[in-house]
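Here is a short briefing for a reader new to this structure.

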Amino acid sequence: MGQKTAFPKDGQIVNLLLDTHILLCWLADDARLPAQARHQIAEEAQTVFVSVVSLWEVAVKAGKGKLRADLKAIHAQVESGGFTYLRIEPTHVLTLSRLPGHHADPFDRMLIAQAMFERLSLLTCDTALQPYGEMVILA
């Protein structure tokens, strides 16, 4: 990956990276997922990426009892749902090391780093990620 173009503007093709909360809401067909987010995932995005960071986050939170989730089922849904996995690359870690400290969550910080490096738009409900700029799309 590693496209070198600017982030898309209104009306341009968008490649989305889903944050973990958005992913779980989408997979569960959760009514709390805003209609605009559903539209962006289903209609507007050229490619929808799911980071392995999200699987890692679900595994950690499930292991701590903070979340009930079937990781194998989530993986199967991602693979069969038309999503593209985004793996963690050394360039993502290098980008992470240069991020400003707007947000402390390590999972969200890696998603931000991946979105920055890959020139993806991160679809999230987390307003704390807004300071990272134009790549953050609030659902």
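Angles between elements are sorted into classes: under 35 degrees counts as roughly parallel, over 145 as roughly antiparallel, 65 to 115 as roughly perpendicular, and the rest as oblique. Axes are lines fitted to C-alpha atoms, for helices over the stretch in contact, and angles run from 0 to 180 degrees between N-to-C directions. This is a predicted model, where local features need pLDDT of at least 70 and side-chain atom pairs count only at pLDDT 80 or more, while totals for chains, interfaces and linings use all residues. Residues are numbered from 1 along each chain as its sequence is written, and side-chain values use heavy atoms, with hydrogens and water left out.

**Overall build**

- The protein chain has six helices and five strands. Helices (H or I, at least four residues) and strands (E, at least two) are DSSP runs, numbered from the N terminus.
- Starting at the N terminus, the order of elements is β-α-α-β-α-α-β-α-α-β-β.
- The C-alpha atoms fill a box of roughly 35 × 35 × 25 Å along the principal axes.
- The radius of gyration of the protein chain is 14 Å, which agrees with the value near 14 Å for a compact globule of 139 residues. This radius is taken over C-alpha atoms, and the globule rule is 2.2 Å times the number of residues to the power 0.38.

**Helices α5 and α6**

- Helix α5 covers residues 90-97 and helix α6 covers residues 106-118. They pack at about 110°, with axes 8 Å apart.
- α5 and α6 are therefore roughly perpendicular to each other.
- On the α5 side, the contact includes Thr-91, His-92 and Val-93. On the α6 side, Arg-109, Met-110 and Phe-117 are among the residues met. Contact means heavy atoms within 4.5 Å.
- By class, this contact of α5 with α6 has six nonpolar, four polar and two charged residues. Ala, Val, Leu, Ile, Met, Phe, Trp, Tyr, Cys and Pro count as nonpolar, Asp, Glu, Lys and Arg as charged, and the others, Gly among them, as polar.

**Helices α3 and α4**

- Helix α3 (residues 52-63) packs on helix α4 (residues 71-80) at about 160°, with axes 10 Å apart. That makes α3 roughly antiparallel to α4.
- Leu-55, Val-58 and Ala-59 of α3 touch Leu-71, Ile-74 and His-75 of α4.
- The contact of α3 with α4 has five nonpolar residues, one polar and no charged ones.
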